Amino acid sequence: PTPEEIAAMRATLLSNRAQAHLALGNDRRALADALSATKIDPQMTKAFFRAARAALRLGEWRACEDAIARGEVSAVVDANNEDATKGVLADFEALSLSLSKAEAAAVAAEKEKAEALALARAPSLALARKILEPPRRWRVGYPQLSVGSDRNKPWEEAEGVIHWPLVFVYPQSGATDAVEVASELDPLSVHLDAMFGSIGDSDSSSSIPPLPWDEEGAYRSRKDIELYYLSHATEPLPDLDSLADVLHRGWPEGLKASPPQRHGPKAAKAIEVDERWTLGEVLSREDFVVPGIPAFFVLSKSKRGKRAAEVRRRFLEENG
């Protein structure tokens, strides 16, 4: 056989294999074989038809449209008789109608999906707006800590008050205490009182159990407790939509926050918290970026324990 005959045979085999793939539901392979056949023989009408069918099934509208247009041209050029040409063109016309219907249905489905998503996302968008815009102007960044529950994000309750989970970190041991429900109106002292007893309690009368790792007893006296946050603890989310997505879907799996900067204008520093401040007041500070959920560091200025004093000195020195 001549090279031309070999090429024609190969084009026919590819076109026939495309038809077999269509019958088996292998639409991607059918499209590839049919298009390969048309590259060898640009007048192979059957191959264009099979390519159009495969592209239609795959939802690749432009590829389907192109195959139909080229196939119609091929049918006219390569017609053996007028009746055959009319029949082939009718087949392409029916396929074109199916394309229009399928594309319209896909557009309608996509619109319906977008409307449903917007409706489901609306509460998260409204909450994100209340968090980021005046009067709060809170900034939320990538997560570094969690409280070990499903509610690792803010939510709004009656009368527009926003609640958060909180985490308290003890640099001395690496242990944490979690508060699952904290109102933005709560003074931080309320949570310290729950963990250590109120300022007025004496060490002997306090009903709060000692911390299991605090062998020196440095954290037994409420008046010795200090609270800090880390300024610029993480990179804030860039815009309203980003926070709305996080509130709606949660943080992406496997997300890793970049470590705090140690130098420059946004270097992370330990900022002492006046426990009379409300949670909302702390979150509104310009240098506070919520690291997923608000996080605070608990230290002791007690003179009882050398270990506690050394941890405090090093923590403030490293984050000063």
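**Ground rules.** I number residues from 1 along each chain as its sequence is written, and side-chain values use heavy atoms, with hydrogens and water left out. Because the model is predicted, local features need pLDDT of at least 70, side-chain atom pairs count only at pLDDT 80 or more, and totals for chains, interfaces and linings use all residues.

**Entry 1: α1 and α2.** I looked up helix α1 (residues 3–24) and helix α2 (residues 27–40). Helices here are DSSP runs (H or I, at least four residues), and strands are too (E, at least two), numbered from the N terminus. The two helices pack at about 160°, and their axes are 8 Å apart. Axes are lines fitted to C-alpha atoms, for helices over the stretch in contact, and angles run from 0 to 180 degrees between N-to-C directions. So α1 is roughly antiparallel to α2 (under 35 degrees is roughly parallel, over 145 roughly antiparallel, 65 to 115 roughly perpendicular, the rest oblique). I noted the residues in contact (heavy atoms within 4.5 Å). Among them are A7, R10 and L14 of α1 and D27, A30 and I40 of α2.

**Entry 2: α2 and α3.** Next I took α2 with α3. Their axes come within 8 Å and cross at roughly 150°. That makes α2 roughly antiparallel to α3. The contact includes L31 and L35 of α2, and F48 and L58 of α3.

**Entry 3: aromatic pairs.** How many aromatic pairs does the structure hold? I found twelve. Rings of Phe, Tyr and Trp (its six-membered ring) pair if their centres lie within 6.5 Å; planes under 30 degrees apart are stacked, over 60 edge-to-face, the rest tilted.

I checked F49 and F92. This pair is edge-to-face, at 5.4 Å centre to centre with 80° between the planes. F49 lies in helix α3 (residues 45–58) and F92 in helix α5 (residues 82–132), so the pair ties together parts 43 residues apart in sequence. Is F92 buried or exposed? F92 is buried, at 0% relative accessibility. F49 is partly exposed, at 23%. (Buried means under 20% relative accessible area, exposed over 50%, partly exposed in between, with a 1.4 Å probe and protein chains only.)

Then I checked Y170 and F196. They are edge-to-face too, at 6.4 Å and 75°. Y170 sits in the loop between β3 (162–169) and β4 (176–183), and F196 in helix α6 (residues 188–196). Y170 is buried at 1%, and F196 is buried at 5%.

Last, I noted one aromatic cluster, formed by F168, Y229, F288 and F296.
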